[in-house]
Structure formats: C-alpha cells, structure tokens
Number of protein chains: 2
Amino acid sequence: MPCLINGTVADSISVADRGLQYGDGLFETISCLDGRPRWLALHLQRLLSGCERLQIPFPAAAQLEQEVRKLAAGTARCLVKVIVTRGSATVRGYGPSGAESPTRIVSRYAWPAAPAEPADSAEPAETGDAARVCGIRVGLSTIRLGENPALAGLKHLNRLEQVLAQQALRNSGYDEVLMQSSSGAVICASSANVFLVDQTGLYTPDVALCGVAGVMRRLVLETAAAAGIGVRVRTVTLHDLSQAQEVFLTNVRLGLQPVGWLHGRQLRAAQMAWRLRELIGATLP
Amino acid sequence: MPCLINGTVADSISVADRGLQYGDGLFETISCLDGRPRWLALHLQRLLSGCERLQIPFPAAAQLEQEVRKLAAGTARCLVKVIVTRGSATVRGYGPSGAESPTRIVSRYAWPAAPAEPADSAEPAETGDAARVCGIRVGLSTIRLGENPALAGLKHLNRLEQVLAQQALRNSGYDEVLMQSSSGAVICASSANVFLVDQTGLYTPDVALCGVAGVMRRLVLETAAAAGIGVRVRTVTLHDLSQAQEVFLTNVRLGLQPVGWLHGRQLRAAQMAWRLRELIGATLP
C-alpha cells in the first residue's frame, strides 16, 4: 500500500501517536477515477471542519491536496485514504497539551470489488418497476450508535461501533446493515448514509447526535434540492423503513446504491437513485 | 519511552494497524511500585475479557506478563501501559477478516506528578471533619458519554470523549471533571471512576451503558464488601452528587482520591476513602 506520512514515503507511525493511543484524529476516503480524486474540495472542507471541532491544527492544506493527487495519478480507479491525527503525545494522558504537531497519512488502496448485483440491475429498464428489482441486501444491526453531539457528523477515528457491526455482518447473508442510535432512530449503514423515498419525497436521517455527515450524502442533498426534488433531513424510524418505496445507500465508493432487500422485504424501486446518480455523475464503474 | 512491540524493542507500528485506523483495540495502565506491577492479574483478566468481547485473540498471556514485569523492573515507581490491537488490516474496511494477528505494545511512562493537595490533607487528623478538608477540585463536563452496551465497561481505544473532556479541563481551574451519560446519569470522571458516600452507605455508578469498569473500582467494591461496608452499584444522578457527604475518585494511579471541591461545593469528609485506602494498600506515594 503506497503511503506518505507527512509527505515522506513511509509505512509506520510512532506508538506515541494519539491516533493510536486514543483514536484522536479524523479520516477521509476519497474515490479516484482516471488518475483524479473526485470531490476533493468537499473532502478537504469536511476534514478542515472536523479539525476545527476537535481543535487539531489543520495540516498543510496545499501539501495534503498535492499528496492525494500524487497517489491517485496514473491509476484507473483507486481509493485514497487520508488520516489526520493530533500527532505524537507530548504529555501522558487523554488531555492534549496543545503542543502536538499533527500527523497526516495519505495511503492508496485498490478499488474494492462491489457486492454482486442481480443481472437485471445493470441498467434500469423502461418497462416498469418489476424490471428495476436490483440492489444489495441490507439488514438491521443489533449494534447501536452512542449519541454524542460533540462527535456526531465527524469522520473520526473512533470506529469500534462500525467494526462490531461489520463483524456481525460476516456470514450473515447481508451485504450491509443499517444502524440505529441508542434512542432507536435509524441513522445510517455501517459504512454509508441512507436515503428513503416515499410518497412525500426523499429524506435522510439527521446526524446531529450520531453518524457521519458523508460527502456523497451532501452531494445528494444539494443535487436533489437544485433539481427541484423535495428533500428533508429528519428523524427516521423503523416504521419509515417499513413504509419506504425506495431506499438507497450513499458513500463516495458506492455512489448511490439501491437497496433490493431491506430486512427481508423486497424493494422494487430505484428510480430516484438512478436519476440522482445520473445528475451527480456518481455511476458505479 | 521504553517500549516493546510483540516482544521486540521498537517505537513504531504499521499505519495499517487497526488500532490506528479504527481504534480497534484495548489498553491497560498498570501502576508499578518498587519494580513490581500491582494488581497485574486483575489487569490481565480485564484485558482478556475485553478481547473476548471484541473477538480479538488474546495475545500470548505469558509473554505479555513477562514484558510488563521487565519494563517495571528496577524502577521505584512507574506506569506501564499495555495496548492490544486487532493487528494490521488484512482487508480494507471496518470489518475484520478474522485473519489479523494482534499487536501487543508495552510501554513504560514516568510516574506523573499528582495535583497539588492542600497541606492539611497529607494525613487525616483525628480531631473531626474540619481537619479532613482535602482532595482535588472536580467539575462537571459538558461532554457526555454516548451509551453503547456493546462497548460499555471496556477500556478500549475509542477515547475521543475523554480527550474532549480533558481538553476543556485545561485552564478551567479544576483538576478533574465528572462525566454524564447522554441520558444524564453520572458515570465517572474523565480518567477515573467515582464513589459516593451518604447516610445509606457507599455507591458507584453502573457502567453497563457507558464508562470503564476500572481495576481500582473493582478492588474498592470487593474490599468494601469483604469489610462489611454496604456498597451498591446503581444509577447516580446530579441530585445524588449534591447530597453526597463524601466523594472520591479511583484509578490505579490515584488510588482513592478524595474530592475536596465538587462543582463549587466543598466536601469535608474523606473517612471512607482513607479507610478503604488503608485496607487496599492503595495509599498515594
């Protein structure tokens, strides 16, 4: 895995790094196509905003951008992951001294294989809903998300909840799982945001108490609004899930991924996902 | 900082380590006196139990114990920190493959300076409560703890809540802060458990939804019970705090640390802490 640490080719960090000691940092996973990072400005903007919230000095923005571009260059399709930690501890204990110097880690990963989709989902047919049966199988995780407004929305390095959810996913027969907050609201999938469509329009869970404010989620919200599609951010319940005509997941790797089976129920619609995919240009390869 | 990684003297880990990527691991901070780790069996037992809950294979127990003893040897007083991560990622993404090989990191730290105590607190006087005014100044954090029974009690590497709480503590005039759960229950201090004493006896918050089940907390619970002191684990409210006659914090570094000022209120009693300190042999140096 090619990797730059503070601009230098390297593959290890100090054990004193607060990223390891406490998960004291943030990350971004950037989709790269034809040698170019996509939506890079949005990723950098979210990273900056996260650094501000955690009071981590934002590391050299120009170099960081250059490093991402460097690792993406020459590849047809890859993921570039950026990790920014508060840096090596200068004192013992949870509390930062304020004298730390952030660590920036930029690594390239091969584009992962997508979950297998039924053959009829490669293109939406024009002949009605039945032909649109497509998409991945999504269950409901028993692992819930703790609520903390001080951390909600951030793509930080404290990811044990997602680790446990995906650990349980293995051998479950599902491709992904939706996760609820400790209060029971539906928040997101283990590694994606979620959108629902019903007769009133398009909506996605609020991430003010937990969950990640995804870059693709933001693109969907902005694109839908610009296209005159009614879209809301609100509390989503299990009942909403059971009533939704269409459900899709979003992240920069999946783009917009229709859900074909939701907790045992078959969903036959993906029109909204296909339409927004086209508008955003987030078509899967 | 002297450090052994998987038994070898080293000071860096792979950037692919899931401890860094996701905080996917656990830690123990072990108090060492006269060259010997104290309560080591309890630390190893908690670590084993945490590994079981996260499904991380427990790393070579005999070597781990030997490594802790090796770093403690020859020091008058030190802290030895053990970190166990799930190891380097073998696949991309939150979900472990099950083929990872755990990383064990054992490092030694100098014994930290204790917060300054008023001069009259060095020994409990025999002349009544007024002479027992002592202890640290403790506030109430605005950072709350997200509730997750799947992670509660564990000393895992996802510690951003504690980082934020201690970040706010700096320049606050307090030595420590108590933290509430998202539901408002009082759970612990940012780096210690908490016990309260009132006319009904000794009690400490339940850590079934959040918080760490500390080794010193366990020792206090067991020692108090064995000594015939009534002790309960229960939900603790802000009202309980305001009514408590005596409050003390516990961890293996502090031992039992009386609270002298709690959120502005002066506490004049520390009898229970002194008595249990003596029984446990957890006197501060």
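User: Why are β3 of chain A and β3(B) said to pair?

Analyst: Two strands count as paired when DSSP finds at least two bridges between them. In this predicted model, strand β3 of chain A (residues 12-14) and β3(B) are joined by three bridges, so they pass that rule. Their sense is antiparallel. One of the bridges links Ser12(A) with Ser14(B).

User: What makes a residue part of the contact between chain A and chain B, and how many are there?

Analyst: The cut-off is heavy atoms within 4.5 Å. With it, chain A gives 60 residues and chain B gives 60 residues. Together the two chains bury about 4,700 Å², with 61% of that on carbon and sulfur atoms. On the chain B side, Arg92(B), Tyr94(B) and Leu160(B) lose the most area to chain A, together 18% of what that side buries.

User: How many salt bridges and how many polar contacts are there between the chains?

Analyst: A salt bridge needs a side-chain nitrogen of Lys or Arg within 4 Å of a carboxyl oxygen of Asp or Glu, and the count between chain B and chain A is zero. Polar contacts follow another rule, with N or O atoms within 3.5 Å; here 25 residue pairs qualify across the interface, both residues at pLDDT 80 or more.

User: Which element of chain B gives the most to the side that touches chain A?

Analyst: That is α4(B), with seven residues. Other elements supplying at least two residues each include β4 (25-33) and β6 (77-85) of chain B.

User: How do the residues on that side of chain B divide?

Analyst: There are 25 nonpolar, 22 polar and 13 charged residues.

Conventions: Residues are numbered from 1 along each chain as its sequence is written. Chains are lettered from A and ligands numbered from 1 in the order in which they are written. This is a predicted model: local features need pLDDT of at least 70, side-chain atom pairs count only at pLDDT 80 or more; totals for chains, interfaces and linings use all residues. Side-chain values use heavy atoms; hydrogens and water are left out. Buried area is the accessible area (1.4 Å probe) that two parts lose on being put together, summed over both. A polar contact is a pair of N or O atoms within 3.5 Å; within protein, one must be able to donate a hydrogen and the other to accept it, and residues adjacent in sequence count only if both atoms are side-chain atoms. Helices (H or I, at least four residues) and strands (E, at least two) are DSSP runs, numbered from the N terminus. Ala, Val, Leu, Ile, Met, Phe, Trp, Tyr, Cys and Pro count as nonpolar, Asp, Glu, Lys and Arg as charged, and the others, Gly among them, as polar.
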